[in-house]
Amino acid sequence: MHVEDKFTAETWPAAPEKQTLEGKNKFLGFWLFLGGETVLFASLFATYLALKDKVPNAEHALAKDLFELPLVFVATMLLLTSSLTSVYAMYHMKNFNFKKMQLWLGLTVLLGLAFLLLEIYEFNHYVHEFHHTFTSSAFGSAFYTLVGFHGGHVAFGLLWIVTLMVRNAKRGLDLYNAPKFYVASLYWHFIDVVWVFIFTVVYLMGMVG
Amino acid sequence: MSTYAQKKGFGATLWDYLTTVDHKKIAILYLIAGGLFFVLGGLEAMFIRIQLAVPNNDFVSAGLYNEILTMHGTTMIFLAAMPLLFGFMNAIMPLQIGARDVAFPFVNALGFWLFFFGGIFLNLSWFLGGAPDAGWTSYASLSMASEGHGIDFYALGLQISGAGTLMGGINFLVTIINMRAPGMTYMRMPLFTWSTFVASALILFAFPPLTVGLFLLIFDRMFGSNFFDVANGGNTVIWEHLFWIFGHPEVYILVLPAFGIFSEIFATFSRKRLFGYSSMVFATVLIGFLGFMVWAHHMFTTGLGPIANAIFAVATMAIAVPTGIKIFNWLFTMWGGSIKFTTPMLYAVAFIPSFVGGGVTGVMLASAAADYQYHDSYFVVAHFHYVIVGGVVFGLLAATHFYWPKMFGTMLNEALGKITFWLFLIGFHLTFFIQHFLGLMGMPRRIFTFLPNQGLDAGNLISTIGAFFMAIATLILLINIVITSVKNEKVGNDPWEDGRTLEWAIPSPPPFYNFKQLPLVRGLDPLWIEKMEGKKGMTPAEPIGDIHMPNNSFNPFMISLGLFVAAFGALYREDYNWGVLVLIAGMGITLLSMFVRSVKDDHGFHIHKEDLLNDDDKGGKA
Amino acid sequence: MKRLAKWRMISMIAIITLLLSGCGEPFLSTLQPAGEVAKEQFDLMMLSVAIMVGVIIVVTLIFAIVVVKFRRKDDSIPKQVEGSHKLEIIWTVIPIILLLILAVPTVASTFKFADVSEMDKKNEDGKTDALVINVRANLYWWEFEYPNEEIITSQDLVVPTGQKVYFNLKASDVKHSFWIPAVGGKMDTNTDNVNRFYLQFDEQKANEAGDLFYGKCAELCGPSHALMDFKVKAISPDEFDQWVADMQSVKEPETAETPLAQQGQEVFNNSCIGCHAVTPATGAPEAARLGPNLTNFGERSRIAGVLDHTEEELKNWISDPEAYKPGNKMTNAYNTLTPEELDAVAEYLMNLKVQD
């Protein structure tokens, strides 16, 4: 099968992301990349844990003063749901249903965007209510770096998925872009998994002190 | 367009190299850039040795000396040794597994340009207010205290070139996993390919901690964060951990490919298959694995406590076992063989005692309680130069001679090569052997001068004399390269006549599609098997057909250039108003180039069957 | 057989020890250990060297045979050997045994050197029975505080021989590392935390070394890292007690005796006293102790850690410290002194002595 071939729902292969050598390479390469990303976040987590609540004096807010569970819980739900919607999108991709895939991807983007806005609100809240900033203490630096790196990943993921959607809006699905959609959704899942760890390590463990 | 229609003329050639995605041309780019940085790092080394030739010398000032020693280490590790190895990996590994290119040709080019721009950025510090001066390890308290922009150049430059290295690592991994020729199972892969595989896996897991460490350094120095600011709750030991979690595997990233190169050379010039192939593979993987468990042996005196020190001491000693297995396997590869002492073989043979010297001092250093004496003394300097020069640089020099005909189609002069070898070998031992004793006699490392009457004078002078031998050897190698390139006497597929692996089955240099027909691999050392059965070349595994090739692209250059520009913005953000604009503009260039890459259709092109058949007279047989 | 191997090992260690102990100067070399810690480290060193030399001999032997015997003579193809399980087991198991021989004493010594429990045992006065010294490393100079004796000195560390001396180590600006090669391995002085370890100074070896060991900074700390030396005066316990008593007796800055020195004291009080104390009291906060304490300056062995202890060098140093220790914090911290003022200050400083 060639990348330029045209397909119908009947001829569309079961695993379109791995039909061409390019697709196979992309699939594997991206998984490996995520392995590297895992180590990256592991290092950030370790740094955060080492510097958690490390502030110059008692006037600075600590983790237990800062976090509010309802807000973070909503954010978590948004991101988890967006992971689910991207699964639906990939389901339709495999069934050669381009329109539905676009629809579900659109939903994913909206949820991701909502998450991001919530995060911006949250950061803003910490800065203005608690004077907990990137430069106020080592704790602040570590917190914003870890959570901010994740937020940056979310933003990049959104740009990426939107670019893919716009670019292929008129072209429809083929073996050239199927792997691209697939790895973008993999990336989105990864972001989600990282958030689960942030939710646990930063917020839940932060609440208990 | 493509390399398919070969154009001549300087402009066209330059454009071809600026846009190439061909692994063989990227290899040449790595070799040229890495070679230049190697010479630069070597000059810095000479300044160091001249300064230390006699006590109380004032050849360079104290501050400048620290810049030189920092740049020597950083350049040699990140900008010379690793790119040169990447050069050989790029040139040879795809040929060894019977692939037409790497898995991601575009990313391959991107990796090179990122490394290149990162390296240039780092070295521009010399002209823009001073180079970094906190050592290649750039320990946080000193790097935070360092004035000027030197450390900023270090952090940003390494960040850019590190990204390129990471991409290269992923690329090689995918290539080896997905693109092996029919019959090339894992346990038939040549050792150089195996070591490329393991080194790439190490890169994948070791570089992210460095990335994080460098980000923290960049944030602290340029954006006001407090990771290493003790007064604000920061902790400098975090840097030491992150750096060495990267730094120790980095040593194996360098030395494993060198092991691979030597394995090829031993087998080739002994006319014997590698002794204990499977245990060699096992040892390589084990060394890679253990490489991640031992980083804290660089921090025995940091005060981590006896439990951590004891654990890391024993773990470190354990690495000696697989390394020993390798040494003995090489010896027994030669045992019973028919050894021909070509230049690459000379390096390989000399590597064994030299590297064993570095290895045994490594075990001595692993003994934590005794390491309190060795740590940060010239003993350590001697140790890692024995490992890195005696292992990696010997490997690079051997590979240069060994693979030169395959890469350029002409042989380096053997007589000059042997002169280089002997001078380099003598110079190497003269320089570094005595440094063990200097360290034990109480000389700390990284000192810009030493006072007389401490018993250190004679040793330092001897060491400096040795360095000149190595400098002369390098000069002769350069002359050799020039002479060889001018003469340009073409050679055939298998110029060493004892080639065993697939790369020697195709023309030198190979056509841009490498294999007209993918070869059928029937065992370890596939070409040797065919030769022993009286055949001239490999049996093809497929009929001649169209070959799909990727298009050239200027995009990798632009993406890297954008980051290069952005780095200046980040650096001068606080000094000048235009800093922020440049930062945004640079990121814009990068993101826009990525966007173009992502949006534009790029299906590559096909070489048609008919053209391949016409190409026969050029000798593209598989 | 086993006994033979053991004898071989011991004789090898003996030979190597003999060869190496001639190396370096007794006041600086790790190969001439002058204390319990250095000795144990030296023994560990010799054990590892012996094992390693053994390994090297085996490799070299095989290497020599291979290189001589298996040169290419004709165009024949040698037998292709896959490997040998027996051999591979041998060169896996033997190294493991050798490493175990090294690992056991390594772990034992590592724990032993980290045993500073004596530092936590406080007597009724809230002090320790053991001698404790707080080392504070600064950009290119060292401060030594004796918390039990409540005195401070700088640059020349004074210690008694024959007993364990415990150290608290830290740095006040960037990371340094505290190393007295002849007496024992180093420990970093971090900016983040206090590290603790101990050393012991051997009386006889101290005599051989002229009672003065060289100390070094072993961690790159800036331009003058190479010049961040200190000296260690290892004296008998009695002499040490006397020295402590002499130091403690200095409650107020002593008035200079000669007119020139008095003039110098005046200059000193105008220009220098902001950073340099001339009483050994421990009261002032660390942040205020900007320069080395000079209480017993006249009895020190070096000026600024590296220059000869003469009036001439002292004047050179004060008139242009940057020329001798680039990047130091003293440069430009005071107004330029006239030649007369220099003479006077030098006279005053050289006469700052506590022992009469």
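Author: The questions below take the chains and their contacts in turn. This is a predicted model, in which local features need pLDDT of at least 70, side-chain atom pairs count only at pLDDT 80 or more, and totals for chains, interfaces and linings use all residues. Residues are numbered from 1 along each chain as its sequence is written, while chains are lettered from A and ligands numbered from 1 in the order in which they are written.

Reader: What makes residues of chain A count as in contact with residues of chain B?

Author: Two residues are in contact if their C-beta atoms, placed from the backbone, lie within 7 Å. By that rule, 31 residues of chain A are in contact with 32 residues of chain B. Helix 1 (21-51) and helix 5 (138-168) of chain A each supply at least two residues of that side. Helices here are DSSP runs (H or I, at least four residues), numbered from the N terminus. Helix 1 of chain A gives the most, with 15 residues.

Reader: How do you know which chains touch chain C?

Author: There are 2 pairs of chains in contact, and chains B and C share the most contacts. No contact joins chain A and chain C. Their closest C-alpha atoms lie 12 Å apart.

Reader: What is the radius of gyration of chain C set against?

Author: The radius is taken over C-alpha atoms, and the globule rule is 2.2 Å times the number of residues to the power 0.38. For a compact globule of 356 residues, that would be near 21 Å, but chain C has 27 Å. The C-alpha atoms of chain C fill a box of roughly 95 × 55 × 35 Å, taken along the principal axes.
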